[in-house]
Structures are given as C-alpha cells and as structure tokens.
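Try each task before you read its solution.

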Amino acid sequence: MASLKKSIVALLILCASTACGGEDIVAPLDVPSAPRSLTVSTVTQTTVEVTWAATTNTTVTRYEYQINDAFWSTIPGSDNTTTSHTFDSLIANTQYTLSIRAVNSAGEGASDCVAATTLPPDFFGQVLIPVDTKPRTSAVPVGSVSVTIVSGPRAGERVETDQNGQYVFLEVEEDRLHIRLEKEKHETKEAIVHRTKATTLTDTLPLEYEGPQDTPGTVLIGLAWPEYSKQVMDTLSVVADLLLISSEDRESYGWGVATVKDPEEPHPTKTGLTHEICHAHQHGVVRPRGGGTTSGKPWDSDWISSPEAEAYLEAREADREEIGYNRLATFPDDPWNDSLLSIIEENANVCARWWGVGYRRYDIEYQRAWLKEHLPNRAEWAEEWLYRP
Ligand SMILES: [Zn+2]
C-alpha cells in the first residue's frame with residue numbers, strides 16, 4: 001500500500017511539471033480550443049517570447065497567460081488576431097512553464113504550454129592594481145586590459161576592461177571562469193574568478209584580505225617581477241599572491257604587496273626588492289587569513305612567535321655571546337635592539353644577504369661567506385630556514 005501511494009505521488013508530480021495541453025479533453029465545446037503551434041521564439045535573460053498560430057475562431061475576445069502554476073492574467077490589448085506574447089520580468093538562467101489560452105464569452109478555453117529557460121546572467125568583474133601596501137583597501141582600476149577565458153566551453157572568448165577597469169562577459173553559462181589577464185608592462189596572470197567567492201590567484205593557500213579582491217570578479221595585477229627576484233621567490237615560502245608595484249618614494253612591503261622605485265635598476269634597488277621579498281617570506285611563514293591578520297594581530301607580530309623566528313632569536317643570542325657585535329643591525333646606535341621592528345628588519349637583512357644581495361654587491365657566494373664570518377649562528381639559521389617547507 002505504501003509503495004502504491006508513493007508511485008501515485010510520483011506520477012502526479014511528473015504531470016504537474018511536464019504535462020502541457022492536458023486540459024483539451026475536458027474543455028467544453030463552446031469555449032475556444034487550445035492555441036495551436038505554441039512555440040518559443042525569442043529568449044533573453046529576463047524575457048521569453050512565445051508565438052502561436054492565428055485562430056479562425058472569431059468569438060475569441062482576448063488571450064491569457066500563465067507562468068508556471070501561478071494565476072492567469074490577461075494579455076493587454078489582445079483579441080482574436082493576437083499571435084504572440086512576451087513574458088517579462090523573469091529571472092536569468094531559470095526554467096519556466098509558460099501557458100497561453102484563449103477566452104470568449106462562454107469562458108476560458110483549453111491552454112497549451114511550452115517550457116523555456118532564460119539565458120544565463122552576465123559576468124561582471126574589475127581589474128585593479130593596488131596603490132599601497134596597506135590591506136589592499138585602495139586600488140586603482142586598470143583600463144584596456146584584455147581578459148580572456150582560457151578554459152571551459154567558452155575558452156578563447158576575450159573582452160577588454162573599460163576605463164573603470166570593468167569587464168563583462170555576456171551570458172556566462174559556467175559558474176567558474178578561468179581567465180587570463182594581459183597588459184603591456186604587466187605580468188600575465190591567470191586567475192579563477194568565481195561568482196560567489198572572493199577572487200584569489202591560483203594557489204593552494206590563497207591569502208584572504210578585506211580588500212577589493214574580495215568582491216567576485218575582481219582581480220588585482222602588479223608589475224612584472226624582475227628575473228633575479230624570481231629565483232628568490234621560487235625558493236622562499238612567500239605569500240600566495242605577492243604583487244609588485246612601483247613606488248614614488250621608497251621600497252616597502254606589507255600585506256602581500258612589495259613596492260620598489262624601479263624594479264629593473266640593478267643597485268641598490270635590487271637590494272631593496274630582495275629585502276622586501278624576505279618580508280614577504282616572514283609573512284608567508286605565518287600565512288594569516290581573513291583581513292590580513294590572525295587573531296587581530298598584524299603578520300609581523302605573528303611571525304615573531306613562529307618556530308622560525310624563535311630559532312632566529314636563539315641564533316641572534318648566540319651571535320651576541322660569541323661575536324659581540326651586530327653588523328646587520330637596524331639601529332647602529334643600539335645594535336642589539338630587541339624591538340619587533342628591529343628584529344624583523346634585521347632578519348630581512350640576513351635573508352637578503354643569504355640570497356646574494358648585500359650592500360652594492362650581488363654575489364651569493366660572497367654574501368654567504370660574509371654572513372658565515374660575521375653572523376655564524378644566523379648564517380646557520382638561514383641555511384636551515386630560508387627555503388620552502
Ligand atoms: Zn624592511
């Protein structure tokens with residue numbers, strides 16, 4: 001009995017959702033018959049136009065339409081010559097059952113219906129370049145960037161950003177777009193853009209910030225990395241979507257953005273950029289998520305309590321006891337200054353030296369030998385810790 005009931009229910013649901021024109025059988029003879037040749041003619045994101053064959057029944061006074069199983073409405077201005085209706089205010093990418101029936105003085109005739117699915121919505125996005133190293137809350141739009149879908153059923157399709165950096169892909173069926181951004185003087189980047197999730201560059205551990213890139217479709221781009229810095233970045237564990245931007249005044253690092261005055265200038269900018277990448281490594285070690293902080297703290301104060309920093313502080317203490325002076329001190333008047341700033345800066349200096357970048361000289365062998373001579377315990381630390389885990 002239970003199984004019989006179940007199959008009846010299933011049958012009823014099937015009829016309700018798919019049966020069209022079933023009322024023919026019970027339609028009284030004196031009301032109009034169902035519209036003939038009901039067809040979907042034009043579909044947009046919000047409208048569906050349906051057409052039908054002209055009736056020869058001159059008693060028809062108007063036509064009515066119905067969306068799914070909702071109430072019937074009169075097609076405004078309709079009469080016996082009417083042969084089309086546009087259903088509007090529909091939702092994009094949604095299937096509808098659309099019904100039409102004729103009415104005369106005897107009453108409503110039998111209906112016919114068609115199924116139609118509205119077109120998918122457009123995909124909107126914006127391409128931005130960050131303007132400082134704060135939590136990326138400020139960024140400027142980049143116009144005339146070509147955005148290309150590189151995989152999926154619409155691979156190869158390409159649009160350009162307007163002056164506000166915005167781009168639109170019309171009627172995107174897939175929820176995910178794998179897009180590539182290209183611009184002269186800017187590094188080519190690939191990014192997954194998702195409708196409902198923040199835009200992040202492809203990485204197993206994307207960082208999350210409360211910045212513009214947390215808006216769906218927004219992608220941040222930066223300058224091209226100079227060749228010499230790529231080796232360092234490949235070896236160090238740096239933040240996931242580290243961006244390089246040019247800066248008017250000085251080199252700096254913060255929240256996944258490194259700034260340099262001129263990334264192609266060999267010295268001393270090279271020193272500065274490697275130093276900033278070393279800060280990105282400190283940041284990468286603690287990998288804070290959400291607003292750029294963990295438990296409300298900035299990344300540098302998190303780093304100081306990491307195993308890497310604890311080992312560094314031990315090595316620093318050992319150098320203090322054995323060597324007694326601190327050649328890479330940030331405060332020359334107080335070379336063993338134990339403030340957070342002093343320690344993260346000094347550590348970035350050690351890291352930059354380890355990667356071959358020291359004052360007016362780029363030479364890995366020379367700089368590593370220099371470190372071993374002047375900071376032997378911290379040189380050992382660098383050998384152990386300054387690599388990808
Ligand atoms: Zn620094």
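**Exercise 1.** Work out how helix H5 and helix H8 are oriented to each other.

Solution. Start with the positions: H5 covers residues 307-322 and H8 covers residues 376-385, helices being DSSP runs of H or I with at least four residues, numbered from the N terminus. Next, take the angle, about 160 degrees, with the axes 7 Å apart; axes are lines fitted to C-alpha atoms over the stretch in contact, and angles run from 0 to 180 degrees between N-to-C directions. Angles over 145 degrees count as roughly antiparallel, so H5 and H8 are roughly antiparallel to each other.

All of this comes from a predicted model, in which local features need pLDDT of at least 70, side-chain atom pairs count only at pLDDT 80 or more, and totals for chains, interfaces and linings use all residues. Residues are numbered from 1 along each chain as its sequence is written.

**Exercise 2.** Find which strands stand at the edges of the open sheet of 4 strands.

Solution. First, write down the order, S4-S3-S6-S7, with antiparallel pairing; strands are DSSP runs of E with at least two residues, and two of them pair if DSSP finds at least two bridges between them. Then look for single partners: S4 (73-74) and S7 (107-117) each have one, so one side of each is left without a neighbour in the sheet.

**Exercise 3.** Decide whether Pro 153 is buried or exposed.

Solution. Locate Pro 153 in the loop between strand S10 (146-151) and strand S11 (158-160). Now count: Pro 153 has 9 C-beta neighbours inside 10 Å, so it is exposed (12 or fewer, with C-beta atoms placed from the backbone).

Notes
Parallel < 35°, antiparallel > 145°, perpendicular 65-115°, else oblique. Buried ≥ 20, exposed ≤ 12 C-beta atoms within 10 Å, placed from the backbone.
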